[in-house]
2 protein chains.
Amino acid sequence: MALSSPQLQRFLATEFNFISNTKNANRNHLTTTTVISARSPCRCSAIAIDAPSSLTDVAGIRWGSTSVQGTREEMEDDLIIRSDGLDGFSFAAVFDGHGGVSSIKFLRDELYKECVTALQGGILLKGGDFNAIKKALTVAFENADKKLLNWLETIGEGDDESGSTATVMLIGNEVLLISHVGDSCVVLSRAGKVEVLTDSHRPYGSNKASLQEIRRIREAGGWIVNGRICGDIAVSRAFGDIRFKTKKNEMLKKGVEESRWSEKFISRVVFNEDLVIASPDTFKVALGSDAEFVLLASDGLWDYIKSSEAVAFVRNQLREHGDVQVACDALAQAALDQGSQDNVSIIIADLGYAAVSTSMIAVIYAAY
Amino acid sequence: MALSSPQLQRFLATEFNFISNTKNANRNHLTTTTVISARSPCRCSAIAIDAPSSLTDVAGIRWGSTSVQGTREEMEDDLIIRSDGLDGFSFAAVFDGHGGVSSIKFLRDELYKECVTALQGGILLKGGDFNAIKKALTVAFENADKKLLNWLETIGEGDDESGSTATVMLIGNEVLLISHVGDSCVVLSRAGKVEVLTDSHRPYGSNKASLQEIRRIREAGGWIVNGRICGDIAVSRAFGDIRFKTKKNEMLKKGVEESRWSEKFISRVVFNEDLVIASPDTFKVALGSDAEFVLLASDGLWDYIKSSEAVAFVRNQLREHGDVQVACDALAQAALDQGSQDNVSIIIADLGYAAVSTSMIAVIYAAY
């Protein structure tokens, strides 16, 4: 009288998605276990489980985060994870700075604040209108950048050349939103399969995203030498980097002073737009019952560990001990062990689907 | 065809990190349900479930938070929830300000930063030495207050009289730490039973905590009129409130100018210590498998809704729809409906324990 082995296997294999059609289940027969299928995940309150028919799918996220300096002289990465201010959505971001720490110090809290304001405290996220969300996040990024540029002009005699990438994740019920500038990347593990969710904003390479960036920079009046904008910066979208924005002409003159190019050369340069921009790419990803964890990391990880390896590594860690913080620390260490000499910052959001539930519900059904 | 007992044992004992005494249960009888009790919670990764023998108990917390102004003219509450910087622990705090918003604005980020520094980025939390943690949190609170007082002296011609309570929760695997000053309160729902985890710091009342506060204030040289320190403030521990700390003598003189007391009266006053302090009370609470959610709220809630009612309300909400953010918003609205004219700030941490487990496992056993 009970649960058959294949059924058990199925519970485990399907990772226990919850039942939308339980109402139709015949609770008087063991065979009703067969109607259990993965329609929607159980991300339910431990309490809500008593009333499965009215469950909503709500994540209980376990966060891990690590930011290590490695062998670099300066620590120019930073990260933030907040679960307030956005009407039940969580906000997580990795910043990869360059040219000093001013930009990351400014952005760490300010970008979050701008996002909260632009997203109307999460009302837009709850509303679910992707175009409105995308527009709001663009406004948030661009406002944060304007404020940063103003601030950079006031400090260090106005010659602060720092900048920073930023990759923001917003995680709510069933949905992940990503808005980013720069070359930190986000990957999703779906039942162990890897989905790379972001394209890096770099002024080199032959993929579509890079070619678009190169074209944009050229149309703005810039040029690329050795994969760097004006031979200088290897990331094409970033906050800060004032010399490629409001101080482009000063940058040209400085290049002459430093013999990087001639007066004649710059006499032909006409800038139509900023060369480095902070306008983000924004994506929406549906999180199904097979979405296990999201991994966001700076290029200090991805330049040394492939996305498939990173996902397999984290999965193995979680299988071993279940502690996402330990998994995060171990992955950063693995990148250093692989020879990464960059700062490494990692955020893992273990989506915490109640893998348990289907199996248990199934067993219950088996029992009646 | 059925799941054999050993498999079931493994299923239960491992996936649910379950009970040692199930081994003795007679699985052939319905009556075995009686021996089943939850010893440790299921807070496992959806992935870790495949390797149950090595599971650790890790929370997947679902956060809800609400801060509403109500009918008050000013919004002097604030809150923060962060899951970075503390080695896998989450930090959540409610601030209930008074006399303006300067103190809450300062504290919102600064207290978190001081806690991260004092707790060595979470190393102390992981280490588990409660005395070391308690000491660190005291240092963090006192440092944040010193910095706040310095800052208050620099703004508004040094006459900023703002202050704020702060109740901090640190939630990790199996443990909740609370460090607080003031009258916001934390309650825990254990299988629906209410545990009130904090005593308010108030200069009135006949409970032990209040009597201690009253005694401390008197020993410091202060007096209490109508439940208020020097007839002024109704909370006995808080950040800011510079007139009861570094500017006590100025406060005395101002009282004479405003005819609140006489020169003769203040000639007899000798202050030995500050009247309002920011030294926190710190507690550690073990989170067992029956710990469902933690509810932290400002007195704008508790003055209008009893803890038992609040817990029952949240439980019912979660049973209805499972959405902790909606539950949080609804609870704040309920306080306003009950006539609360104060700001109301609420954080709920749904611990995501498989409260399910006991009841469901019981059914499973019933089936064998």
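User: What are the helix and strand percentages over residues 62–351 of chain A?

Analyst: Over residues 62–351 of chain A, the chain is 37% helix and 26% strand, and the end C-alpha atoms lie 7 Å apart. Helices (H or I, at least four residues) and strands (E, at least two) are DSSP runs, numbered from the N terminus. This is a predicted model, where local features need pLDDT of at least 70, side-chain atom pairs count only at pLDDT 80 or more, and totals for chains, interfaces and linings use all residues. Residues are numbered from 1 along each chain as its sequence is written.

User: Which feature does UniProt place at residues 62–351 of chain A?

Analyst: An unreviewed UniProt entry places "domain: PPM-type phosphatase" there. Such annotations may be inferred rather than shown by experiment.

User: How do I read two packed helices, and at what angle do the axes of α2(A) and α2(B) cross?

Analyst: Two packed helices are described by the angle between their axes and the distance between the axes. The axes of α2(A) and α2(B) come within 13 Å and cross at roughly 140°. Axes are lines fitted to C-alpha atoms, for helices over the stretch in contact, and angles run from 0 to 180 degrees between N-to-C directions. Therefore α2(A) and α2(B) are oblique to each other; angles under 35 degrees count as roughly parallel, over 145 as roughly antiparallel, 65 to 115 as roughly perpendicular and the rest as oblique.

User: Within what distance do the axes of α9 and α10 of chain A come?

Analyst: The axes of helix α9 (residues 307–321) of chain A and helix α10 (residues 324–337) of chain A come within 9 Å, crossing at roughly 140°. α9(A) and α10(A) are therefore oblique to each other.

Key. Chains lettered and ligands numbered in written order. Heavy atoms only, no water.
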